[in-house]
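Have the sequence handy as you read.

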Amino acid sequence: MQNSIQGIERQDLLGPDLRKGLERLCKPAAGVIASDDRMRFSMPFDGLERLEARFRGNGFSPHRHDTYALGLTLQGVQTFHYRGASRFSEPGRIIILHPDELHDGAAGTEDGLIYRMVYIPPALISAAGDYRTSLPFVPDPVLSDPFLWSALAEILADIDDTPTDLLVNDAVTRIAGALRHWAGAPELRIKAVAQRAIREACDFMDTHCTEVLRLEDLEKVSGLDRYEFSRQFRRLMGTSPHRYLVMRKLDRAKRAILSGSGLADAAAFAGFADQAHFTRHFRKAFGITPGHFSGARQKVQLSETDVS
């Protein structure tokens, strides 16, 4: 269905977690005024490129990509011409542009526009989505989909940082699955052999969670290629391999803190690169910092001492 500015009903399309993600994505870089026209590009990683654009008026003349272009509108109204029609996207909406489709780009109001895009080669979508015939084509280029938003926000949140291959693989697999859904392709079934493979992989990750594990390690243990591994892992475990591994590290760190270890020692014991990395993941998982967690533990101990 074609979108237009007139008649769009404002809705709260984002839950609390996604709203926090939106605020983080909108945060300007240090020393940069948010209203300034500018573009930021990330270094290509595993075939992906990422972009943040902030501008007023017309930003891009008609052009086309040889990749899928998927983006999140963060502030303002994003307008563009695509497949013979004018399209509009507001904050909370997702843009999906198929390879080799002509389009332009502009800010729809004088307030300007902020959005982020990821450009994914069709070969990655084909492999991640297990497409045996044609690539998925999504007719409507402007969508509201919390599941797809979450996958895109995860890969676009830290545009200045290089993501891990586990994170990228999971995000691309989720994106490919969402494209499959919106294109009307049939759902894939869980393969019986995958259940044993995923259990073995989980056992391996539990045992080696403090080490730097790469996709090649998990492919070798499971016997599945990276995309099949990510698809089946999420179906069976309800989360990504990347998140599962981080949570095992956090479990180990929490046990260390509860045993009386300091935060730096707990971070090292759990295999985090540094304390900042540990703190960021801890807060994202539990909603508080490791310091607050440790402080709460100490208060409980003091209370127990008072009672005794």
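## The sheet and its edges

Strand S7 (residues 94-97) and S10 run antiparallel and are joined by two bridges. Strands here are DSSP E runs of at least two residues and helices are H or I runs of at least four, numbered from the N terminus.

Zooming out, the open sheet has six strands, ordered S1-S2-S9-S4-S7-S10, with antiparallel pairing. Its edges are strand S1 (38-41) and strand S10 (142-143), each of which pairs on one side only.

A word on the model: it's predicted, so local features need pLDDT of at least 70 and side-chain atom pairs pLDDT 80 or more, while totals for chains, interfaces and linings use all residues. Residues are numbered from 1 along each chain as its sequence is written, and side-chain values use heavy atoms, leaving out hydrogens and water.

## Helices on the sheet

Helix H3 (residues 146-156) packs on the sheet and touches strand S2 (49-55), strand S4 (68-75), S7 and strand S9 (113-120); contact means heavy atoms within 4.5 Å. The direction of H3 makes about 90° with that of S4. Helix H4 (residues 165-183) packs on the sheet too, touching S4, S7, S9 and S10, and its direction makes about 95° with that of S4. These angles run from 0 to 180 degrees between N-to-C directions, with axes fitted to C-alpha atoms (for helices, over the stretch in contact).

## Phe229 in H7

Phe229 belongs to helix H7 (residues 226-237). Buried or exposed? Phe229 is buried, at 0% relative accessible area (buried is under 20%, exposed over 50%, partly exposed in between, with a 1.4 Å probe and protein chains only).

Leaving aside residues up to four places away in sequence, Phe229 touches Ile198, Ala201, Leu218, Ser222, Leu224 and Pro241. Leu218 is eleven residues from Phe229 in sequence, and their C-alpha atoms are 8.1 Å apart.

## H10, face by face

The buried residues of helix H10 (residues 275-286) are Phe278, His281 and Phe282. They line one face of the helix, because they fall within an arc of 105° seen down the axis of H10; the arc is taken from the directions from the axis to the C-beta atoms. The face turned away from that buried side carries exposed Ala276, Arg283 and Lys284.

Just after H10, Gly287 takes a positive phi of about 80°.

Technical notes:
Expected span 1.5 Å × (residues − 1). Pairing = 2+ DSSP bridges.
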